[in-house]
Amino acid sequence: MGVQSTLTRQQAEQAQAQNDVPCFHCGTSCKWLRVDDAQGRPFCCHGCRLVCELLESSGLDRFYDLAPAPGVRMEKEAQAYDFLDEPAVRDSLLDFFDGSIGKVTFRAPAMHCIACVWLLENLFRLHPGVGKSQVNFPRREVTITYQADNMRLSELAALLASLGYEPELNLTQLQHRNKPTPLHRRLTIKIGVAGFVFGNVMLMNLPAYLGLNAATEPGFALFLSTMSLLLSLPVVFYAAGDYWRAAWLSIRQRSLTIDFPIALGIAALFLHSLAEILTRTGPGYLDSLTGLVFFLLCGRWFQQRSYDALSFDRDYTAYFPLSVVRKVDEREETIALTALEVGDRIVVRHRELVPADAELRSGHALIDYSFVTGESEPVERHEGERIYAGGRQVGGAIELETVKPVSQSYLTSMWEDAAFHKEGGPRLRNVTDRISKYFTLAVVLLAAGTWLGWAFIDLGTAVRAFSAVLIVACPCALALSAPFALGTAWRALGERRVFLRGADVVEAMARTNHIVFDKTGTLTRSQAHHVEFRGAPLSAEEAGWVASLARHSTHPHCLSIQQKLAPERWPDDVSSFYETAGSGIEGTISGHALLLGSRRWIEALGIEVPSDAEADMPSQVHLAIDGAHRGAFVLTSALRDELQDLARELQGGRVPLTVLSGDSDKDKTRLEAALGSAAAGLHFRQSPHDKLAFLRGLQEKGAHVMMVGDGLNDAGALQQSDVGVAITEDTSAFAPACDAILDADRFGSLPAVLHYSRRAMHVIYACFALSFLYNTIGLSFAVTGRLSPLVSAVLMPISSVTVVSVAVLGARWAARSCLGPQPGGAS
Amino acid sequence: MSVLVLLLLASLLVALIFLGAFLWAVRSGQFDDTFTPGWRVLADEDEEIPKEGGAERNETESKE
């Protein structure tokens with residue numbers, strides 16, 4: 001047997017090595033399954049082969065020329081989209097519909113390359129009903145026009161899904177579907193106008209700088225100054241409009257923000273210029289004025305970027321599906337979730353979400369509430385018991401009867417808490433505003449002092465010097481420091497897959513002095529388990545059998561066991577496989593009968609389990625081979641590998657950390673060991689409301705709290721915290737409303753990110769110092785009454801440009817030294 | 001100097017035409033997606049795409 005088994009093993013290894021080629025369609029390795037087509041090209045599954053054949057028969061084979069293996073792996077089973085044809089659902093999804101032509105925008109997160117864009121824009125070749133389709137890649141959206149006579153909306157969605165670009169459909173799209181108007185369009189127009197005026201006013205002022213004598217050429221001088229005045233009107237009253245409004249607001253709220261001295265400076269510039277031009281005493285400072293507004297708007301544009309493909313303010317509706325399977329008279333139909341009524345019977349399958357509070361009618365329910373409550377183990381429910389919305393069924397299909405409308409479930413009631421409606425409350429004053437308070441006071445005092453000083457000598461000079469101080473002190477460079485430094489930091493973090501809601505989050509992060517972690521899914525990995533086998537060790541061959549059996553089930557425990565055992569070669573296929581949903585799996589491999597499942601299930605099958613084995617827990621999977629109990633796999637949720645380093649680094653930075661978990665305290669000792677003395681407290685069995693209250697308590701003691709979580713149970717705490725960070729395995733998947741989305745792979749970089757945010761603040765302080773220096777130089781001209789338009793026109797751009805360069809280069813350099821070199825090629 | 005006045009007015013007129021074109025471009029949404037059109041050109045049917053170009057694209061993708 002020994003010789004034979006080595007031979008077969010070698011053969012199997014050879015076969016596996018031969019098959020370890022990328023799938024022609026999606027690039028996945030064909031190690032596990034290889035399907036060749038007529039031309040001998042390898043595919044990882046039949047789905048990929050079918051898509052490839054479909055594309056080639058439709059003349060779309062160019063798809064494969066654009067990028068190697070550009071396809072999307074066909075993982076999910078075909079879904080029914082019939083509910084999309086319901087008039088109510090259809091009308092709320094469509095952008096436009098006139099009875100025959102419909103236009104719809106789908107989000108398809110699976111698109112990832114140039115070939116995807118090309119394929120989606122050539123959809124019309126696959127179905128005669130499709131008209132024009134246009135992709136917006138940064139938003140991962142495709143806008144499709146289709147002929148309603150020729151094609152139903154459900155067919156269109158199914159067509160996309162059949163190519164692997166499953167459209168994202170969730171409840172949010174039904175409930176509030178007002179597309180956000182592109183805010184940046186208005187800003188772009190303002191920048192365009194200001195830039196245009198800036199250039200032309202400079203042109204009009206050029207003769208004056210070159211020595212035009214207004215006395216000898218009065219007509220020409222008048223023409224030039226009138227033209228500049230006319231040109232600058234749209235800048236003052238349109239492009240700078242936001243500054244007027246903000247300044248007015250800051251007066252009414254009695255808080256001096258940076259916008260106030262800016263508006264003061266613009267007003268002084270404009271009025272002074274107006275007076276000079278009307279009295280024909282000079283050309284005024286209109287070039288400085290328009291340049292100032294232009295630079296300020298550019299700073300605003302730089303700061304106001306956001307990630308189109310990510311959403312930072314999703315509520316539970318984004319987590320809920322759009323449709324649900326309803327059972328009426330033993331017949332299943334797919335209906336829109338909004339049409340679900342109390343008393344309806346619904347069918348929930350493996351990995352599907354329970355959309356409303358319901359009672360179990362039939363089937364074996366094993367509900368995974370980890371995302372909603374933080375409990376790491378699925379809970380078992382019996383017929384007649386209540387199942388709350390938000391849980392996911394693990395195992396076979398179950399039938400439920402809804403007892404509450406979707407909008408009134410336990411989960412949605414959490415959203416009624418005040419913490420979710422704190423928008424509009426007093427926001428944290430940022431560093432620029434805090435400094436500008438003193439700055440404004442100093443400027444006003446200085447201007448008044450200058451006026452007083454000159455008033456006894458010469459009243460005309462007094463007025464000129466007064467407005468000159470206000471002009472020169474206009475904190476343009478100061479106002480540009482933070483936007484450019486924070487905007488650069490935001491980009492640098494994004495390149496390293498730490499996505500912030502906006503640039504101002506960097507500042508909030510720099511102030512963090514307490515970090516609160518969720519446990520399940522945050523400190524532990526959501527899918528992976530640490531697996532340990534208790535019992536007589538398994539031989540390599542037996543391990544192979546178990547792995548092979550486990551591979552046939554989608555239960556997360558089976559997945560973990562399979563990954564743990566990961567045999568070098570896979571034995572013969574399993575015969576007579578049978579899964580008892582939520583209990584166990586059985587099958588025969590190479591003539592040996594294997595049972596893998598819960599203790600009760602194994603005992604019920606007549607196998608004696610030694611009584612010294614620990615009590616039956618969901619996290620224990622018992623194994624029996626040929627009717628004899630062999631032992632049990634004990635699964636514990638795996639702590640993230642980076643956790644110890646993270647705790648050590650945070651401790652070095654003297655940032656205390658607290659763990660709030662919705663789970664039981666079974667992981668307490670392991671967490672304590674991993675976190676060491678960095679942990680300020682570990683709290684278990686915390687409800688979402690407890691977490692919220694805990695954060696409020698910390699904040700009342702003056703802490704700036706960063707909350708790191710992943711699930712809906714952290715949603716309240718994420719909102720309440722000063723910085724809410726959501727950890728997600730897949731950035732295109734659902735993450736609760738938060739300030740930052742952190743790719744789970746980058747979890748270990750959290751201390752570095754905190755450190756970097758503080759360094760970015762140092763860069764801002766350096767820029768402030770620089771801009772104060774320029775202001776002092778300018779003021780020395782202004783106070784002595786010698787500020788000419790030329791000095792102002794030169795000083796203003798120089799100070800802005802140097803401050804912006806220092807801000808950008810400083811933040812870039814700090815990013816390289818804190819976060820390591822920029823990963824190449826990320827777009 | 002009256003020549004300069006004419007020249008300045010003419011240059012202003014040209015600049016205004018460009019400003020108008022810019023405003024039209026922004027309003028018609030040409031700045032909403034500044035990424036995809038670049039790829040769309042690369043995927044145009046008529047010309048053959050150099051192979052290494054495609055490979056590069058894929059490399060950068062996989063690093064993301």
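## Contacts of A760(A)

A760(A) touches A485(A), L486(A), A489(A), V506(A), A510(A), A811(A) and A814(A), leaving aside residues up to four places away in sequence; contact requires C-beta atoms, placed from the backbone, within 7 Å. The model is predicted: local features need pLDDT of at least 70, side-chain atom pairs count only at pLDDT 80 or more, and totals for chains, interfaces and linings use all residues. Residues are numbered from 1 along each chain as its sequence is written, while chains are lettered from A and ligands numbered from 1 in the order in which they are written.

## Nonpolar cores

A nonpolar core is a set of buried Ala, Val, Leu, Ile, Met, Phe, Trp, Tyr and Cys residues joined through C-beta atoms within 7 Å. A residue is buried if 20 or more other C-beta atoms lie within 10 Å of its own, exposed if 12 or fewer, and partly exposed in between.

The largest nonpolar core has 211 residues, of which I266(A), V293(A), V469(A), A485(A) and A760(A) touch the most other members. Helix α26 (residues 750-783) of chain A gives this core its largest share, 14 residues; helices (H or I, at least four residues) and strands (E, at least two) are DSSP runs numbered from the N terminus. Another core, of 20 residues, lies apart from it and includes L549(A) and I585(A).

## Sheet

Six strands of chain A form an open sheet with antiparallel pairing, in the order β8-β7-β9-β15-β10-β13; pairing requires at least two DSSP bridges between two strands. Its edge strands are β8 (331-336) and β13 (386-387). Two bridges join β7 (residues 323-328) to β9 (residues 345-348), and V325(A) has V347(A) in β9(A) as its bridge partner.

Note on methods
Contact = placed C-beta atoms within 7 Å.
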